[in-house]
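This report describes selected features of a single protein chain. Please keep the sequence and the three-dimensional view at hand while reading.

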Amino acid sequence: MLPNVSTMNIAHRGAQGVCPENTLLAAGMGLAYGAHMWELDVSMTKDGVLVVIHDDTLERTTNAAQLPAFAGRAPWRVCDFTYDELKTLDAGSWYVQTDPFGQIAAGAVDDDDIASYKELRIPTLREALEFTRDAGWCVNVEIKDHAHLIGHNVIAEATLDCIRDTDMVESVLLSSFQYRYLEQAGIMLPEIPLGVLVYDEPVADPVALVRSLKAQAYHPWRKNVTEEVVDRLRDAGFGVNVYTVNDAAEMAELASWGVTGLFTDFPLLCWGVLQGE
Ligand code: G3P
C-alpha cells in the first residue's frame, strides 16, 4: 500500500544528492534516510529490457563515452544498446568525477561509499521493483517519454507487465510526462494510482487535467505550484506531489499548504523537516 501519511518524503532517483542516481544504492540510502518511497525513471534498451536511467543517452551517468567498445556510437542513446552492453557500464564513477551536488567536496559522503560507486550498474526495472518489494517499500515509477524512439506505448505496456509480474501493483505510483502512457495504464491496470507530471508551463485547470486522465495526483514543478493550486486539487480529492524540493524552508512551506508529497534529492533533510511539524 502507498504510505498513509499527510506528506510523503519521496527520494528523487533515490537519495541522489549523496550517491549516484537511479541505482539500488541510491534507493537503499533513501530508505535508510526515512523516505516513504523512492522515485525512479524507466527507459528501454534496443532488445526490449526495461532499465532504470533518467537520460535518453548514457553519456552523463555512465562511462560509455570512455570505453573503446562504445567508441563511435555517440550520442549513446539507451535505445541503441542491448542490455548485455549496458551491463558492462560503470554507473557510479561519474558522480565522484562531477560531484553534482557538491556533497563530496563538503565531506558529506563517506570514503567507503565513494570507493564503492565504481561497482554500481544500471539496474533493470525488475531488479528495482524486487528490491523495493523485498524491503516492504514503495516506489514512484516514472516512464520516460520514448514514444518518438520505440513506438507507441511499448514501454508503457512492458512497464505495467513488469509491475504486475513482480506483484507490485499496490506499491507503485505510476507517473509520466507522456499522458498516453497514463491512459494505457488506466486500460491495463486500472487499480494502479497515477500521477500527472507537468513541466514548468502553467496549467489552466489542473483539476480537469487530473480528472480527465483518471489520475490520483498532480506532479508539478516546484516553481509552478501555488497554495491556491494545492487548495483546488486537494478540495477536489486529488494529491499534489511536488518536484524537486531540496530547501528545508520550501519543504516546510509546501507541507503547510497540504501537499501530499515532496520529491527531494535529500530525503534525510526532508525527514527532519517533516518530523518537526
Ligand atoms: O518525477 C518527478 C521528477 O523526477 C520529474 O522530473 O526530470 O527528474 O524526470 P525529472
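Lys-214 is found in the loop between α9 and β7 (217-219); helices (H or I, at least four residues) and strands (E, at least two) are DSSP runs, numbered from the N terminus. Although Lys-214 is not a glycine, its phi is positive, at about 55°. With a relative accessible area of 68%, Lys-214 is exposed; the term buried means under 20% relative accessible area, exposed over 50%, and partly exposed in between (1.4 Å probe, protein chains only).

This is a predicted model, in which local features need pLDDT of at least 70 and side-chain atom pairs count only at pLDDT 80 or more, while totals for chains, interfaces and linings use all residues. Residues are numbered from 1 along each chain as its sequence is written, and side-chain values use heavy atoms, with hydrogens and water left out.

Asn-22 also has a positive phi of about 55° without being a glycine. Its place is in the loop between β1 (8-12) and α1, and at 3% relative accessibility Asn-22 counts as buried.

**Cis peptide bonds**

Pro-75 belongs to the loop between β3 (50-52) and α2 (83-86). Another cis peptide bond joins Tyr-243 and Thr-244, with omega at about -25°; Thr-244 lies in the loop between β8 (239-242) and α11 (248-257).

**Cavity and pockets**

On a 1 Å grid over the protein atoms alone, a cavity is a set of points where a 1.4 Å probe fits but cannot get out, whereas a pocket is an open set with protein on both sides within 12 Å along at least five of seven lines; lining residues have an atom within 4 Å of a point. Grid points are joined across faces, edges and corners, and a volume is the space filled by probe spheres set on the points.

The count comes to one cavity of 30 Å³ or more. Asn-22 is among the residues that line the largest cavity, which also include Glu-21, Thr-23, Trp-94 and Pro-123. For the classes, Ala, Val, Leu, Ile, Met, Phe, Trp, Tyr, Cys and Pro count as nonpolar, Asp, Glu, Lys and Arg as charged, and the others, Gly among them, as polar. The table sets out the volumes and the classes of the linings.

| Space | Volume | Lining by class |
|---|---|---|
| Largest cavity | about 60 Å³ | six nonpolar, four polar, one charged |
| Largest pocket | about 230 Å³ | nine nonpolar, seven polar, one charged |
| Second largest pocket | about 170 Å³ | five nonpolar, six polar, five charged |

The largest pocket is lined by 17 residues, and those nearest its centre are Pro-3, Met-8, Gly-239, Asn-241 and Thr-260. The second largest pocket has a lining of 16 residues, of which His-12, Glu-142, Phe-177, Leu-197 and Tyr-243 are the closest to its centre. Two or more residues of this lining come from each of the elements β2 (37-44) and β4 (139-143).

**Aromatic pairs**

A pair of aromatic rings is described by the distance of the centres and the angle of the planes. Rings of Phe, Tyr and Trp (its six-membered ring) pair if their centres lie within 6.5 Å; planes under 30 degrees apart count as stacked, over 60 as edge-to-face and the rest as tilted. The whole structure holds six aromatic pairs.

How are the rings of Phe-101 and Phe-266 arranged? Their centres are 5.6 Å apart and their planes stand at 90°, so the pair is edge-to-face. Phe-101 lies in the loop between α3 (93-98) and α4 (111-116), and Phe-266 in the loop between β9 (261-264) and α12 (267-275), so that the pair links distant parts of the chain, 165 residues apart. Phe-101 is partly exposed at 28% relative accessibility, whereas Phe-266 is buried at 17%.

Phe-177 and Tyr-199 form a stacked pair, 3.9 Å centre to centre with 5° between the planes. Tyr-199 counts as partly exposed, at 46% relative accessibility. Trp-94, Tyr-95 and Tyr-117 form one aromatic cluster.

**Nonpolar cores**

A nonpolar core is a set of buried Ala, Val, Leu, Ile, Met, Phe, Trp, Tyr and Cys residues joined through side-chain atoms within 4.5 Å. The largest has 56 residues, and Leu-40 and Leu-129 have the most contacts inside it. Helix α7 (residues 154-165) gives the most to this core, with five residues. A second, separate core of 13 residues includes Val-51, Trp-76, Val-78 and Phe-81.
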